[in-house]
Structures are given as C-alpha cells and as structure tokens.
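Here's a quick tour of a protein chain, meant to be read with the 3D view open.

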Amino acid sequence: MTRRFLFVLGSARAEGNSELLARRAAEQLPPDAEQQWLDLSEHPVPDFEDLRHDSDHVRPTEGNHALLLDATLAATDIVIVTPLYWYSVSAQTKRYLDYWSGWLRTPGLDFKATLAGRTLWGVTALAHREEVVADPLIGTLHNSAAYMGMRFGGVLLGNGSKPGDVLNDTEALTRAKTFFSQEAPPARFLYEE
C-alpha cells in the first residue's frame with residue numbers, strides 16, 4: 001500500500017524551524033511515498049463551533065474546511081508540524097484538531113473508523129534546551145492518536161528560535177534521517193498501558 005503523508009503546517013511563520021526540520025525528515029521518505037503539504041496559515045478555517053448537541057453536521061464540499069477534511073481522510077500518515085507555543089501546539093494546529101470533533105459527528109464519514117490504524121506524527125521546534133518542556137504538546141498528539149485508535153510515531157524535536165536555527169541542531173537533523181522509518185506502535189492512553 002502506498003503511503004500518503006499529510007504534513008499539516010501550523011506555524012505563524014513561513015518556513016519556520018519546525019517546517020525546516022519536517023522537510024529534512026521528509027527527504028528520507030521512499031520515492032513512492034506521496035506527500036501533501038498544507039499550511040494552515042494559507043488555508044485558514046474559522047474558529048471551531050461545537051454543535052454536536054445542537055444540529056446535524058454536514059460534510060463540507062468546498063473551501064478550506066473541505067480541503068483539510070479530504071486531505072486528512074486520504075492520508076495514511078498525518079504529520080502535525082507546529083512550533084512549541086506556550087508548551088503546546090499552535091492556535092492554528094489546535095483549531096485543526098478541534099475540527100476533528102465535528103468530523104467525528106458528520107454522517108457518512110466514519111471519521112474515527114477511517115483514521116483508526118493510521119499513524120499520527122509530530123515535528124516541533126522549541127526554544128529551550130530541556131526537551132521535557134514539550135511534554136504537553138507530545139501528550140496532546142499522543143492522546144489524540146489514542147482516542148482515534150491510531151498509531152503514534154512520536155514527535156521529532158529540534159531546537160531553534162530565530163529562523164533557520166534548527167539547522168544548527170545536529171542531533172535533531174540526525175534523528176530526522178530515520179524518524180519516519182521507525183515502527184509506530186498503536187497509541188494507548190497512559191492508564192491503558
């Protein structure tokens with residue numbers, strides 16, 4: 001089966017450190033692996049409105065909402081590329097993940113069943129030497145994968161603040177070379193392990 005990677009770029013900065021690190025990791029993918037890169041700043045969606053108890057959800061057929069949904073459903077591997085903002089994902093990234101709640105309730109999508117068994121990955125740059133500060137971000141992605149019945153490939157962490165800084169993080173660049181080749185285990189909530 002051909003792998004289809006969806007890279008969801010959640011930075012407020014074009015070609016930021018997280019994206020640079022993700023692109024280095026993506027260079028190592030096999031030639032037959034498809035790649036789609038979507039920048040949430042270029043494909044904005046409005047704030048998510050939780051209508052699960054108020055109305056029926058309808059599958060979007062046009063615009064950025066439909067683009068993101070279709071790309072998500074088509075992907076075998078979803079890569080969340082976001083800098084560490086206040087110890088979690090960026091606002092754009094959180095909004096994208098919030099939309100998953102609506103897609104779960106959209107008739108005919110079978111969103112959760114479709115994503116089950118697929119793989120969620122993360123790539124992030126942080127401006128801190130102690131990587132433990134990224135634990136909340138890692139937890140957000142890990143728990144999202146666990147809820148959806150997905151596999152979780154982990155989060156590739158790099159260090160950088162100013163544009164291009166992550167390219168000086170030789171340890172992160174080394175990890176990027178094999179990041180997507182590792183086996184991604186089924187995600188489980190901590191209480192299940």
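The notes below go from the whole chain to its sheet, then to the helices and a pocket.

Keep in mind that this is a predicted model. In short, you're looking at a chain with six helices and five strands, and the strands come together in an open sheet.

**The whole chain**
- Start at the N terminus and follow the elements along: they run β-α-β-α-β-α-α-β-α-β-α.
- The radius of gyration is 16 Å, close to the 16 Å that the globule rule gives for 193 residues, so the chain is as compact as a globular protein of that length.

- Going from one strand to the next, the twist averages 15°.
- Zoom in on E4 and E5 and you'll find eight bridges holding to the parallel sense.
- To spot a bridge for yourself, look for Leu120, whose bridge partner in E5 is Phe152.

**Helices against the sheet**
- H1 packs on the sheet and touches strand E1 (4–9), E2, strand E3 (77–81), E4 and E5.
- The direction of H1 makes about 130° with that of E4.
- Helix H5 (residues 135–148) lies across E3, E4 and E5, and runs at about 165° to E5.

**The largest pocket**
- How much space lies in the largest pocket? It comes to about 330 Å³.
- Rolling a probe the size of a water molecule over the atoms is what shows where empty space is left.
- The lining of the largest pocket is made up of 17 residues, and Pro83, Leu84, Tyr85, Ala125 and Ala127 are the ones that lie nearest its centre.
- Helix H1 (17–26) and strand E4 (119–126) each supply at least two residues of that lining.
- Sort the lining by class and you get nine nonpolar, seven polar and one charged residues.

Terms used
Residues are numbered from 1 along each chain as its sequence is written. This is a predicted model: local features need pLDDT of at least 70, side-chain atom pairs count only at pLDDT 80 or more; totals for chains, interfaces and linings use all residues. Side-chain values use heavy atoms; hydrogens and water are left out. On a 1 Å grid over the protein atoms alone, a cavity is a set of points where a 1.4 Å probe fits but cannot get out, and a pocket is an open set with protein on both sides within 12 Å along at least five of seven lines; lining residues have an atom within 4 Å of a point. Grid points are joined across faces, edges and corners, and a volume is the space filled by probe spheres set on the points. Helices (H or I, at least four residues) and strands (E, at least two) are DSSP runs, numbered from the N terminus. Ala, Val, Leu, Ile, Met, Phe, Trp, Tyr, Cys and Pro count as nonpolar, Asp, Glu, Lys and Arg as charged, and the others, Gly among them, as polar. Two strands pair if DSSP finds at least two bridges between them. Axes are lines fitted to C-alpha atoms, for helices over the stretch in contact, and angles run from 0 to 180 degrees between N-to-C directions. Contact means heavy atoms within 4.5 Å. The radius of gyration is taken over C-alpha atoms; the globule rule is 2.2 Å times the number of residues to the power 0.38.
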